[in-house]
Amino acid sequence: MSDDVEWVDEEAGPVVRPYALTGGRTATSTSSSAFDLLSMVVANGSVISAGSHLGSEHRRLLGLMKRTRPIVEVASESGLPIGVIKVLLGDLLDQGLILVRSPLPANTSPAEGLLREVISGLRAL
């Protein structure tokens, strides 16, 4: 059995340290700005190549991303720390297995004319 796996009890199963899941890496090889907590990710349906070095956690994440969802939701559902998620998603992005869409900038707001129309409509009620 690997030194990275520690059994707490039979019900809990093995406990694996986060650094073991990422091979000790703490940063992605791609731009980390691609992985904002609110960025949307989805598996693109590409076939995993035979020579890829993807582990079981990579495959589990791909299963969680069958539909588009925010990175923070993927992290929550997987039970892994966000730092680990970002490294694993970087691996998947490098392999071309996921698509990432950055969230809209916070400073984007509706046009002033649209806001005036909404206010007028509310006053008319």
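Modeller: A nonpolar core is a set of buried Ala, Val, Leu, Ile, Met, Phe, Trp, Tyr and Cys residues joined through side-chain atoms within 4.5 Å, where buried means under 20% relative accessible area, with exposed over 50% and partly exposed in between (1.4 Å probe, protein chains only). This is a predicted model, in which local features need pLDDT of at least 70 and side-chain atom pairs count only at pLDDT 80 or more, while totals for chains, interfaces and linings use all residues. Residues are numbered from 1 along each chain as its sequence is written, and side-chain values use heavy atoms, leaving out hydrogens and water.

Colleague: Which residues touch the most other members of the largest nonpolar core?

Modeller: Among its 18 residues, they are Leu61, Met65, Ile85, Leu89 and Leu92. Helix H2 (56–64), H3 and H4 are the elements that give two or more residues to this core, and the largest share, five residues, comes from H4.

Colleague: What makes H3 roughly perpendicular to H4?

Modeller: Helix H3 (residues 71–78) and helix H4 (residues 82–94) pack at an angle of about 110 degrees, with axes 10 Å apart. Because angles of 65 to 115 degrees count as roughly perpendicular (under 35 roughly parallel, over 145 roughly antiparallel, the rest oblique), H3 is roughly perpendicular to H4. Ile71, Ala75 and Ser78 of H3 meet Ile82, Ile85 and Leu89 of H4 in this contact (heavy atoms within 4.5 Å).

Colleague: Why is Ser78 called buried?

Modeller: Ser78, which lies in helix H3, has 8% relative accessibility and therefore counts as buried. Beyond residues up to four places away in sequence, Ser78 touches Arg60, Leu61, Leu64 and Ile85.

How values were computed: Axes are lines fitted to C-alpha atoms, for helices over the stretch in contact, and angles run from 0 to 180 degrees between N-to-C directions. Helices (H or I, at least four residues) and strands (E, at least two) are DSSP runs, numbered from the N terminus.
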